[in-house]
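Student: Please take a close look at one part of this model for me: the salt bridges and the helices tied to them. I'd like one connected account, cut-offs included.

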Amino acid sequence: MFAHERHRSISNLLARKQRVTVADLQKALKISPATLRRDLAEMEKEGQLLRVHGGVLHPNAMRNEPSFRHKKGEAFAEKRAMARAAAELAGDSGTVFIDAGTTCMEIARLLLPRREIKIITNSIPVLFEAWRIGANVVAVGGELRTISGALTGAGAMEWAGNLHADMAFIGASGADPEGVSTTETSEAMVKQIFVARRRKCILLADARKWNHPATVRFAHWGEIDTWVTSTLLSPADARTVEELGTKVLRVAPEE
């Protein structure tokens, strides 16, 4: 198979699936890893795809991600109720990582005044709130993703790799029986570090994200201790997740 034929085959797969793993590409094309790496590098340079950890994305896959400001107004009562329920799990002391995201922002508002809790975050909105009220926060430095307000990249990963949290509050863009996911690789990698470097991991994600996986999976259910979500998640779906190793806390929205 000539290079242009392989490129066309890869483009066709991406058009159908939006994301394809390296393993699936090798199986479909029956080529060596070196040839595939060369093809993917050429196609990325030409703007035909985006390379991510373990696979490739269609170039349109990242264009529909809503901004932090847009998501902030969505399902606000549900997010506040979920944050209140999650905050009760945090206790009054210890070290807590708070992820970027609008629901995580709500739990930050509740935990920042607790002076015995040391908060680590990669969220610019959380850092701004900490500055506003004079709270003590450790910032995970890195490159700013303006669409989400998250600090990411090599700098953030280096910082995160040296930190440990008693509890991590993690947001997600999607979830399904295979695990929890987000839209962008660099944010996923920071999430993965804190999922691994904590005693307990709490996922905050509303039920609308169930069975709508995002581009990059960053954790399997067995790595998440508790999923705090809304009552829109059916009891049957909650049982599915609990059978996969995660406790589910369904919270009714505030009136």
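**Salt bridges and their surroundings**

Tutor: Happy to. Arginine 109 has a relative accessibility of 31% and counts as partly exposed (20% to 50%; buried is under 20%, exposed over 50%, with a 1.4 Å probe and protein chains only). This is a predicted model, where local features need pLDDT of at least 70 and side-chain atom pairs pLDDT 80 or more, while totals for chains, interfaces and linings use all residues. Residues are numbered from 1 along each chain, and side-chain values use heavy atoms, without hydrogens or water.

The partner of arginine 109 is glutamate 129, in a salt bridge with the closest N and O atoms 3.5 Å apart (Lys or Arg side-chain nitrogen within 4 Å of an Asp or Glu carboxyl oxygen). Because glutamate 129 sits in helix α7 (124–133) and arginine 109 in helix α6 (102–111), the pair ties together parts 20 residues apart in sequence (DSSP runs: helices H or I, at least four residues; strands E, at least two). Glutamate 129 is buried, at 9%. Both residues belong to a salt-bridge network that also includes Glu106 and Arg132.

Next come arginine 145 and glutamate 187, whose side chains meet at 2.6 Å, N to O. This pair links strand β7 (143–145) to helix α9, 42 residues apart. Arginine 145 and glutamate 187 are both buried.

A further bridge joins arginine 208 and aspartate 206, with closest N and O atoms 3.9 Å apart. Arginine 208 is partly exposed at 47%, whereas aspartate 206 is buried at 10%. The salt-bridge count comes to 12.
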